[in-house]
Amino acid sequence: MKNPVIEFHDFGFRYASQSEPTLHGINLTIFEGEKVLILGPSGSGKSTLANCINGLIPFSFKGESTGEVKVAGMDTRHAGIFSLSKHVGTVLQDSDAQFVALSVGEDIAFALENQAVKRSMMIPQVIAAASIVGMQDFLNHVPYALSGGQKQKVSLAGVLHEHVDIVLFDEPLASLDPKAGMHAVELIDDIHSQGKTVVIIEHRLEDVLHREVDRILVMDEGRIVFDGDADTLLCGKLLPEIGIREPLFITQMHHAGCVLHADDHPSSVTRFNLDPYRDSLLNFIQTEIQPKAHYPGEVLIEATNVRFSYDTQEAIKNISFQVRKGEKIAFIGKNGAGKSTMAKLLCGIVRPDHGSITYQKTDLKTWSIREIGEKIGFVMQNPNQMLVKNIIKEEVAFALTLRNLPQSEIDERVQRALTVCGLWPMRNWPVSAVSYGQRKRITVAAMLALDTEVLILDEPTAGQDYRHYTEIMDFLDDLNRQTGITIIFITHDMHLAIEYTDRAIVFADGEKIADDLVVEVLSDNEIIEKANLKQTSLYTLALRLGLPAQTLVDHFIGHEREVKIHE
Amino acid sequence: MSKRIFINIVPGKTFLHRLSGKTKVGLFIVCIVYTIMSFDLRLLAPLMFLSLIAIVSLKPDWKVIIVLFIAIFLMNFFNIFLYWVVKPNIGSEWTGGTSTILYSFSSYYFVSLETLWYLLVRLFKMLTSFAVSMAFILSITPSELASGLHGLGVPYKICTVVSLAFRYIPDISRDYENIKVSMQARGVEMDLRKTPILKRLKQTIYILFPLIITSFDRIGNIANALDLRGYGLKKDRTYYAEVEPTMMDRFFRWSTLALFIFCLAWIVSRNIWEPATKMWFPFEV
């Protein structure tokens, strides 16, 4: 029997600022060398649980606790965050905030500096930690020149010193693109195989399962509702109930009417025993699916041979495409591929060096940013960066007031926009009182009030759990159906592209490498490789079944659509 | 980043770059004291000369430096010009009362050798402090500045504020840019030509408000990140950026000390013991 390193006994916790406890009756033991995933939707208490392990509770977040927590044999209430930090390393979700120093080496050394380790002793430790994560050649690099994945590696190296034997990852995948996320999961697995106890807090189950985990704890409403292995979890019905997304291929198998058995190891798309399910799956793709009705509207936006450079760096290399009225388009590509720059070009934030962008045949260069803003609305990833007013109604009216429209018209437009977004009953609420998803809606409503005909959304679901993801995306989908508004999603989320868009334009290194129906794009492995994206598990499933990926993806989308219509 | 900031973040490779932070901060402070106390070309000229050598040895990007130098020069030139306008005979008060008139516009406005000398020294003093600061800024990274200040006895929490500020200024300015364009797209007009300055100032609030909100979120995260890695654990702290002193460091530290003693002696003798009323003037009759 291995030693327990983290123990919760009848633990409960209530934040001082809240009236209800966030955690109730937690009983949990994690043993030395285990790799545990703590899964749960936003607000389930999983981050609070993590903060109890690393000592931020009770050090930084005050509140009332019952029961006890022991980490590395110490009671966290008395041990203090500093003694705990010698045993528990925490990698935070926001790798930008965690990168507190001005170079890679210095950041890795940060914990050692705080322990007043002599520099001569520090250097070898920094190099050793950097080597574990593969950043030893970057010691002099500044944070601004690193990708999200590299920053996270540095954060990890920064906590891997001497006595740290428990590594806690708080939503490690939230700010990474899928390929970088996959590498992060592999790196976490390497750390685990070196004998560290690993605790991962996440809601992106499929991505974490890219490498095996020993145990999964599922949290919901402050309680642990499941404690077992991944295979058992996937065979049950718990995940959809609490709003956690199952792996895509599991959803597909459910669509096909398969009843999964834990013995077949459904937690891994590459290793599970497919034989008992083969027939159902093959039957499933025989069923007729309604071909998607596609009504190409008039051409709204036309980009022709657009080129753009930042200083000397060519960001957009000769790109042409069309956007038609009422379309839902995904701009996909990994971070830095040029998709955001393209969006900025469409909004007039930056202007093409060569080539032209027209809107209903008018060249955008004849319009100011403000005029373009009345046609093409840009919704930033973080709604907090867009909200300036205190009251929801005022926020939506903001752009109209700036344009000096008559009050009666402002009122009318605001009412219309808020009604469409389902925010009319909340119109007098303060912006600060509503959830993240609702803030996103406010920013969308602000665009709609301007009568924009095209919405560009930058990573609309970044950092959101499945429930909020569905909420935001279904809202946008309805909006598209009701008002015929054209929507462009900038994303690296393949699931989003599959489920909610008609067409995908794929960017890689500033070039457009594909522009086709989502099904076609996603079943083309060459494009996915070239764009440095991650293939979905549907593709792997199709390969294993010896089917063309397109057939499977087609049926998947068709089925999802039908289910949605029936709802 | 499109606009390169002019400070170094990565330590450079030249001889001055490689000195430790403590040496550089110490030397800089003493040089600034030296510049402030001296109103004497015999003292200023050697420092100016050494600073220029230092700047050259640091192999800087000359374009930026020349632009800055011209700006500083013009500003200070204008400054001494105003001195002359207000008091054309100001030099005589410092050189012993004589006025050697070189050119005269009227009975009040004239150019005297004494005033010219006085104003020249004043300008030279400003330019010397510019050269010293420039050499310092070019030679040091923010991390070395923090470690150097700590090495000289400044509490490390203050040093951390300095280095954190350098760390997050680019992030905040990126947020600022993002918010600005989103506001522009919503109709806040920020075109320099179309909007009067007062209105533009007022509109800055539309950017600052979201910026403050997002920055507060970040501050909370940074504070947690600091705590989780044991920041504030001990009374003292070491610095990765503080390289071990070499022979050169020792040489510079002794020189700094010598210069410091000289400064003390000078200040005591010329300002406290027997306050000097005259400056050095080589053309005295």
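**Domains, helix packing and cores**

Tutor: In this predicted model, the C-alpha centres of domain 1 and domain 2 of chain B are 33 Å apart.

Student: Which residues belong to domain 1 and domain 2 of chain B?
Tutor: Domain 1 of chain B takes in 1-141 + 255-285, and domain 2 of chain B covers 143-240.

Student: How many residues of domain 1 of chain B are in contact with domain 2 of chain B?
Tutor: On the domain 1 side there are 15 residues, in contact with 10 residues of domain 2 of chain B.

Student: Let us turn to helices. At roughly what angle do the axes of α1 and α6 of chain B cross?
Tutor: Helix α1(B), residues 21-37, and helix α6(B), residues 142-151, have axes that cross at roughly 75° and come within 7 Å. The two helices are therefore roughly perpendicular to each other.

Student: Which residues of α1(B) and α6(B) meet?
Tutor: From α1(B) they are G21(B), K22(B), K24(B) and V25(B), and from α6(B) they are E144(B), L145(B), S147(B), G148(B), L149(B) and G151(B). Sorted by class, the contact of α1(B) with α6(B) comprises 3 nonpolar, 4 polar and 3 charged residues.

Student: And how do the axes of α6(B) and α7 of chain B cross?
Tutor: Helix α7(B) spans residues 156-186; the axes of α6(B) and α7(B) come within 9 Å and cross at roughly 170°. That crossing makes α6(B) roughly antiparallel to α7(B). On the α6(B) side the contact is made by P142(B), L145(B), A146(B), L149(B) and H150(B), while α7(B) supplies Y156(B), C159(B), V162(B), S163(B) and F166(B). By class, this contact has 8 nonpolar and 2 polar residues, with no charged residues.

Student: Staying with chain B, where is G220(B)?
Tutor: G220(B) is located in helix α8 of chain B, residues 197-228. With a relative accessibility of 33%, G220(B) counts as partly exposed.

Student: How many Å apart in space are G220(B) and L113(B)?
Tutor: Their C-alpha atoms are 62 Å apart, and G220(B) and L113(B) are separated by 107 residues in sequence.

Student: Now chain A. Which residues have the most contacts inside the largest nonpolar core?
Tutor: They are M342(A), V444(A), I456(A) and L476(A), in a core of 72 residues. Neighbours within four places in sequence aside, L476(A) is in contact with V444(A), L457(A), I487(A) and F489(A). Another core, of 69 residues, lies apart from the largest one and has L139(A), I191(A), V198(A) and L541(A) among its members.

Student: You mentioned L541(A). What does L541(A) meet in α12(A)?
Tutor: L541(A) belongs to a group in α23(A), with S537(A) and L538(A), that meets L248(A), F249(A) and Q252(A) in α12(A). By class, the contact of α12(A) with α23(A) has 4 nonpolar and 2 polar residues, and no charged residues.

Student: How do the axes of α12(A) and α23(A) cross?
Tutor: The axes of α12(A), residues 248-255, and α23(A), residues 537-545, cross at roughly 60° and come within 7 Å. The two helices are therefore oblique to each other.

Student: What about G546(A): buried or exposed?
Tutor: G546(A) is exposed, and its relative accessible area is 62%. The residue is in the loop between α23 and α24 (549-566) of chain A. G546(A) and K118(A) are 60 Å apart in space, C-alpha to C-alpha, and 428 residues apart in sequence.

Student: On to backbone geometry. Which residues does a cis peptide bond join?
Tutor: The cis bond joins I57(A) and P58(A), with omega at about 10°. P58(A) is in helix α2 of chain A, residues 56-59.

Student: What is phi for Q360(A)?
Tutor: Phi of Q360(A) is near 45°, a positive value in a residue other than glycine. Q360(A) is placed in the loop between β14 (354-359) and β15 (362-363) of chain A, and is partly exposed, with a relative accessible area of 33%.

Student: And what is phi for E459(A)?
Tutor: E459(A) is not a glycine either, yet has a positive phi of about 40°. E459(A) is in the loop between β17 (454-458) and α19 (466-483) of chain A.

Student: Is E459(A) buried or exposed?
Tutor: E459(A) is buried, with a relative accessible area of 9%.

How values were computed
Residues numbered from 1 in each chain as written. Chains lettered and ligands numbered in written order. Predicted model: local features only at pLDDT ≥ 70, side-chain atom pairs only at ≥ 80, totals over all residues. Heavy atoms only, no water. Core = buried A, V, L, I, M, F, W, Y, C linked by side-chain atoms within 4.5 Å. Buried < 20%, exposed > 50% of the residue type's maximum accessible area, 1.4 Å probe, protein only. Contact = heavy atoms within 4.5 Å. Axes fitted to C-alpha atoms, helices over the stretch in contact; angles between N-to-C directions. Helix = DSSP H or I, 4+ residues; strand = E, 2+ residues; numbered from the N terminus. Parallel < 35°, antiparallel > 145°, perpendicular 65-115°, else oblique. Nonpolar A, V, L, I, M, F, W, Y, C, P; charged D, E, K, R; others polar. Domains from an automatic or database assignment.
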